[in-house]
Amino acid sequence: MRFFSYFNKFLQSHPSSSKLLVLSSIRGFCLLLAVYSGGGLVVYADLPSDKEKPSLALEQEETRKKRVLVLGTGWAGISFLKDLDISSYDVQVVSPRNYFAFTPLLPSVTCGTVEARSIVEPVRNIVKKRSGEVKFWEAECLKVDAVNKKVICRSYVNENLPGKNEFSLEYDYLVVAVGAQVNTFNTPGVAENCYFLKEVEDAQSIRRAVIDCFEKAVLPELTEEERRINLHFVIVGGGPTGVEFAAELHDFVHEDLVKIYPSVKDLVAISLIQSGDHILNTYDERISSFAEQKFQRDGIEVLTGHRVLSVSDRLIDVKAKSTGQNVSIPHGMVVWSTGVGTRPVVKDFMEQIGQGNRKVLATDEWLRVKGCDDVYGLGDCTTVDQKKIMEDISAIFKAADKDNSGTLTIEEFKDVIEDVTIRYPQVELYLQNNHLSDITDLLKGADGNEREEVDIEEFKLALANVDKQTKSLPATAQVAAQQGAYLARCFNTREKCIAEPEGPRKFRSGGRHEFRPFRYRHLGQFAPLGGEQAAAELPGDWVSVGHSTQWLWYSIYASKQVSWRTRYLVVGDWTRRFVFGRDSSRI
Ligand code: FAD
């Protein structure tokens, strides 16, 4: 008893040595392990020998749930978390934003058509509905250490963490979904003097700034010219976000603000600057010209073919590409919406893994980051590197040429067609764009007649132009959300697919890929153009413009909301706007 009370005291005064204690001296057998916890002493017998310990550790390592660490709570990260079977993994999420934001409605927030809180959903609300636990850390990832499989994060909500509020988290699988940041293209004065439209806070700042411009313009003792300058709103970037903001602003001014600031109603001007020849140039031509005509009718000045040289607090300097002439335009405020760039944390990670010479983090078609094991990349911070069919052409030919005759018959080709079209989606695009109904049409001769057989050179020639159809995916919510859902499915079916691979044939090395590669399905795109009119480009080359399209937009965006709560709030905001107009309070 005296021994045990002494032993107990020893453990209390040496807490670090209190975890494990080997009592027996008989090697290899009947070890007694004392585990001390909370003042109690528990003794375990019959534990494995030293030799067996590594295998135990290995076993424990294998049986513990794999740690999945997700960086980002945007479209990609949330879509992944919503579909992931979290009971099978130990899931942690890091993001400086503790909510998901429905970005397509951000332009509506700039003018109060919908309120900021109506388009966001707390991350904890989203994950609490799942069975299993997801740990969320409101922090920013500063560095990915891919060698040691950990990330360094910094919290901005707790100033009391040791060090510089930094902590590290280990992972087995890392999902990088941190999105992108605004891109100023190093244009002088942009960072200091422009508003951006990327985050919820940006939309709120723009809303306040618009009202400020009106309040400044009606102050006494200003000349008419000064009032006019205060009310000149300039938008840089004729892509969907810039165009939608211009349209929202036009509606806000003409439906609401002119009624409460009647003295300056004729002094307001909106200009849209675009470096390309047309606005909405990623859309069908019919949509782009409809938008330009509508803006002309609405009095929105569209300056295409103009490049911004610099921005100061009062002037924006632009160069007309056609004439080479520089013009200085006075402004009240400038909104910069010209595309996105790579975040510093991603740049640093790219340097580490040999992707330093690239602009965007590259993944393969399974969304695995190239050059780095167990790291996946989703959404705006990544690009999918589609394998070229010509790189594998000889291997495909060899795999298809079963009888090793050196030529390929149609029957032999048919045998690999499915795997080819799954592995190289550009083949399907090539067939569509060249109006070929069947992949075997590729093997027809130059005269259009079917050939019995083709040799390797003829085969190469037949597929020579296919890779030109390879397109990089756009940086959109649609792509990000589909990637998140795809990756979650891969994680959920990992065991099954390792045992029974479902992917296409590996032409070079033999066997099959475990999973099918990611395939993006374009569901169409909208461009709201103001005045209750919108344009839509839907699959199957279907273009629709006008009032009915705006109602289609309302119904689709209401249905796409992430929760019933936000759906109710957004529809409520639209109704409030129809009945009472937008609120112009500067809060
Ligand atoms: P994001 O949604 O940007 O999410 C990134 C996440 O990572 C955020 O939670 C962020 O807080 C977090 N994060 C950032 N840095 C770190 C870090 N260091 N560590 C950890 N977490 C970090 N797309 C469409 O398809 N249709 C539209 O109509 C449309 N309209 C748009 C309108 C606007 C105004 C904007 C700005 C974008 C619009 N988009 C639209 C594009 C769409 O929003 C993006 O393509 C989409 O958000 C990309 O998703 P993501 O998950 O990659 O990035």
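Modeller: The second largest cavity is lined by L71, C141, V144, V176, V345, V346 and F349. A cavity here is a set of points, on a 1 Å grid over the protein atoms alone, where a 1.4 Å probe fits but cannot get out, and a lining residue has an atom within 4 Å of a point. The model is predicted, with pLDDT of at least 70 needed for local features and 80 or more for side-chain atom pairs, while totals for chains, interfaces and linings use all residues. Residues are numbered from 1 along each chain as its sequence is written, and side-chain values use heavy atoms, with hydrogens and water left out.

This second cavity holds about 30 Å³ of space, a volume being the space filled by probe spheres set on grid points joined across faces, edges and corners. Its lining has seven nonpolar residues and no polar or charged ones; nonpolar means Ala, Val, Leu, Ile, Met, Phe, Trp, Tyr, Cys and Pro, charged means Asp, Glu, Lys and Arg, and the others, Gly among them, are polar. β8 (140–145) and α12 (344–352) each supply at least two of the lining residues, and α12 gives the most, with three. Helices (H or I, at least four residues) and strands (E, at least two) are DSSP runs, numbered from the N terminus.

C141, part of that lining, is also among the residues closest to the ligand, along with A76, T103, D380 and A477. In total 31 residues surround the ligand, each with a heavy atom within 4 Å of it. By class, they are 16 nonpolar, ten polar and five charged.

Polar contacts (pairs of N or O atoms within 3.5 Å) can be listed by residue. A polar backbone atom of C141 is 2.9 Å from a nitrogen atom of the ligand. A polar side-chain atom of R343 lies 3.5 Å from a ligand nitrogen atom, and a backbone N or O atom of Q478 lies 3.3 Å from a ligand oxygen atom. The protein covers 90% of the 990 Å² of accessible area that the ligand has on its own, by the Shrake-Rupley method with a 1.4 Å probe. Two or more shell residues come from each of α3 (75–83), β4 (89–95), α4 (106–110), β8 and α17 (477–492); α17 gives the largest share, three residues.

For context, the count is two cavities of 30 Å³ or more. The largest holds about 180 Å³ and is lined by 19 residues, with E248, D251, Q550, Y554 and R577 nearest its centre. Its lining has six nonpolar, six polar and seven charged residues.

Notes: On a 1 Å grid over the protein atoms alone, a cavity is a set of points where a 1.4 Å probe fits but cannot get out, and a pocket is an open set with protein on both sides within 12 Å along at least five of seven lines; lining residues have an atom within 4 Å of a point. A polar contact is a pair of N or O atoms within 3.5 Å; within protein, one must be able to donate a hydrogen and the other to accept it, and residues adjacent in sequence count only if both atoms are side-chain atoms.
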